[in-house]
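Hi,

Here is the structure I promised to pass on. Have a look at it first, and my notes on what turned up follow below.

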Amino acid sequence: MLFAMATEAKSVDERLHLITRNLQEVLGEEKLKQLLTDGKDVSIYWGTATTGKPHVAYFVPMSKVADFLRAGCKVTILFADLHAYLDNMKAPWELLSLRTQYYEHIIKAMLTSIGVPLEKLKFVRGTDYQLSREYTLDVYRMSSVVTQHDVRKAGAEVVKQVEHPLLSGLLYPGLQALDEEYLKVDCQFGGVDQRKIFTFAEKALPALGFAKRIHLMNPMVPGLTGTKMSSSEEDSKIDLLDSPESLKKKLKKAFCEPGNIESNGVLAFVKHVLLPLTDGEFLIERDEKFGGSVTYSDYDSLEQAFAKQEVHPGDLKAAVVRELNRLMEPIRKAFESPELKKLTSKAYPPPPKKKQQGAKQAQGATANDDIIPSRLDLRVGKVLSAEMHPDADTLYLEEIDVGEEKPRTVISGLAGVVPLEAMRGRMVVMLCNLKPQKMRGIESHAMVMCACREDPKQIEPLCPPEGSVAGQRVFIEGYESGKPDEELKPKKKIFEKIQVDLKTSSDNVAQWKDCAFMTELGKVTCTLQDATIR
């Protein structure tokens with residue numbers, strides 16, 4: 001039966017396979033094997049900070065929770081409400097309780113939709129024990145055995161990084177380590193982005209006289225749009241309460257290039273969620289003239305078929321939409337109740353409307369026009385074609401994929417500086433929310449970001465990290481959560497004011513005010529050092 005939980009007795013090898021399948025790394029695997037061999041009911045906890053609204057990517061850890069239960073493990077789900085506040089106050093104190101209630105209802109609805117019996121799970125709120133005298137004393141004890149460097153390094157991939165961090169963010173890794181002891185578990189489960197906190201815990205807990213735990217890590221699965229799915233990025237996430245129409249619309253925009261299996265969020269979702277939950281029965285429905293419907297019983301077969309272009313992206317997306325709707329429908333129905341509708345609106349109230357002053361604000365300008373780099377819509381682009389502009393000797397005419405349904409036409413002043421053959425097929429960084437501008441009769445719909453020197457004249461396009469794909473978001477370190485303007489208004493000169501502080505560093509990193517250009521894969525670089533970026 002679809003999404004049913006298997007309950008029959010399993011061997012040690014079968015239990016180990018269920019616990020570890022699709023994981024990227026296990027720290028302490030030999031210890032895990034020994035616990036299973038000894039017949040112990042292994043206890044595992046997974047925690048989530050109650051910040052932004054959970055989205056469909058939460059099905060990735062939920063499918064592993066199902067695996068753990070199938071393997072006979074005891075599972076605790078921690079709603080880390082205190083952590084949500086400590087992480088740069090992502091959840092305001094007055095909303096903590098409401099958001100924790102929302103998380104509890106939505107995650108229970110998710111688990112029910114995939115057939116996980118809730119009576120086998122334990123749900124705990126962080127503030128149930130993290131405010132106790134004993135826990136507080138252990139926080140003080142830990143502060144005496146770890147350094148500021150230790151905790152900053154541990155939280156680098158999880159806690160929002162800013163130039164002058166609050167003390168609250170430095171507490172975060174230590175509290176997460178102590179949770180392992182206070183929840184009395186054998187293992188902690190999380191994404192591989194938690195690895196530094198896990199290794200920190202393995203050193204810090206024994207220093208306090210507590211046992212070192214096992215750590216289970218999921219890979220960082222790309223979102224369905226091809227980049228990391230984030231609660232703060234409206235276009236990159238599919239909300240668990242999205243309508244079927246909205247779901248279909250968002251999946252239509254998802255990056256899923258024919259034959260491309262790299263950073264393919266649609267394929268990754270099938271691998272980490274849909275196939276494990278269906279016990280290896282994934283149906284692609286298609287017309288007989290295209291070979292008829294086909295069922296895949298394992299991910300490798302599907303991936304190979306997609307790589308050979310035997311499976312069309314449209315058919316794959318349609319199958320994912322079908323299965324996602326099947327998963328989401330019980331959740332939608334649960335949240336149709338007046339009580340949960342009210343809870344949702346209270347936990348995630350719309351942002352207050354700013355007062356309008358004058359005609360310009362009535363047309364959409366805000367009272368707070370901060371000149372910050374998150375207002376730029378920066379994306380990875382792939383140059384599909386490049387040729388000379390028919391009416392200009394200094395301009396290139398390019399077609400560049402920025403992760404949309406159609407490539408954008410772009411005019412670049414790179415002729416005579418960057419060879420045409422060096423542009424074709426190149427991965428670049430694109431500024432995508434400039435107002436379209438005609439250049440010698442052809443409208444340009446984005447700009448290739450380049451490092452430039454004047455004497456002698458040198459221009460070099462910025463280089464995204466290795467493995468980048470078209471459409472991935474590029475952000476400035478420390479400004480990840482901002483939302484780009486729909487269009488940068490030329491009269492306001494937003495880009496020009498930001499551009500003054502854009503440069504490359506002496507170690508080849510693209511920066512704004514010493515903050516690096518980043519994607520989820522790492523830093524954006526350039527061969528020109530100490531050059532202006534424009």
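In this predicted model, helices H11 (residues 265-277) and H13 (residues 313-334) pack with their axes 11 Å apart and at an angle of about 45°. That makes H11 and H13 oblique to each other, and the crossing of H11 over H13 is left-handed. From H11, the residues that take part are Val266, Leu267, Phe269, Val270, Val273, Leu274 and Leu277, and they meet Leu316, Val320, Glu323, Leu324 and Leu327 of H13. By residue class, that contact comes out as eleven nonpolar, no polar and one charged.

While you have H11 on screen, have a look at histidine 272, which also sits in that helix. Its relative accessibility is 9%, so histidine 272 counts as buried. Setting aside neighbours within four places in sequence, histidine 272 is in contact with Asn22, Val60, Ser63, Pro219 and Val221. Asn22 will come up again below.

With a relative accessible area of 28%, isoleucine 261 is partly exposed. Leaving out residues up to four places away in sequence, isoleucine 261 touches Leu267, Glu303, Phe306 and Ala307. Of these, Leu267 also belongs to the H11 side of the contact with H13. As for glutamate 303, its C-alpha lies 7.0 Å from that of isoleucine 261, although the two are 42 residues apart in sequence.

There is another helix pair to show you. How do H5 and H14 cross? The axes of H5 (residues 96-113) and H14 (residues 338-347) come within 9 Å, and they cross at roughly 135°. H5 and H14 are therefore oblique to each other too, and their crossing is left-handed. On the H5 side, the contact involves Leu98, Arg99, Gln101, Tyr102 and His105, which meet Leu340, Leu343, Thr344, Lys346 and Ala347 of H14. This contact divides into five nonpolar, three polar and two charged residues.

Helix H1 spans residues 12-20, and its buried residues are Arg15, Leu16, Leu18, Ile19 and Thr20. What covers them? The cover includes strand E1 (25-27), helix H2 (29-37), helix H3 (59-70) and strand E6 (214-218). Just after H1 you will find asparagine 22, with a positive phi of about 65°. This asparagine is one of the residues in contact with histidine 272.

On to charged pairs. Side chains of opposite charge can pair when their charged atoms come close. I get a count of 25 salt bridges; here are three of them.

- Arginine 21 pairs with aspartate 67, and their closest N and O atoms are 2.8 Å apart. Since arginine 21 is in the loop between H1 and E1 while aspartate 67 is in helix H3, the pair ties together parts that are 46 residues apart in sequence. At 21% relative accessibility, arginine 21 counts as partly exposed, whereas aspartate 67, at 2%, counts as buried.

- Lysine 53 and aspartate 239 form a salt bridge at 3.6 Å, N to O. This one links distant parts of the chain, 186 residues apart: lysine 53 is in the loop between strand E2 (43-49) and H3, and aspartate 239 is in the loop between E6 and helix H10 (244-253). Aspartate 239 is buried, its relative accessible area being 7%.

- Arginine 408 and glutamate 404 meet at 2.8 Å, N to O. Here arginine 408 is buried, with a relative accessible area of 15%, while glutamate 404 counts as partly exposed at 33%.

There is also a network among the salt bridges: shared partners join Arg21, Lys64, Asp67 and Arg70 into one.

Cheers

How values were computed. Residues numbered from 1 in each chain as written. Predicted model: local features only at pLDDT ≥ 70, side-chain atom pairs only at ≥ 80, totals over all residues. Heavy atoms only, no water. Buried < 20%, exposed > 50% of the residue type's maximum accessible area, 1.4 Å probe, protein only. Helix = DSSP H or I, 4+ residues; strand = E, 2+ residues; numbered from the N terminus. Contact = heavy atoms within 4.5 Å. Salt bridge = Lys/Arg side-chain N within 4 Å of Asp/Glu carboxyl O. Axes fitted to C-alpha atoms, helices over the stretch in contact; angles between N-to-C directions. Parallel < 35°, antiparallel > 145°, perpendicular 65-115°, else oblique. Left-handed = near helix turned anticlockwise from the far one by under 90°. Nonpolar A, V, L, I, M, F, W, Y, C, P; charged D, E, K, R; others polar.
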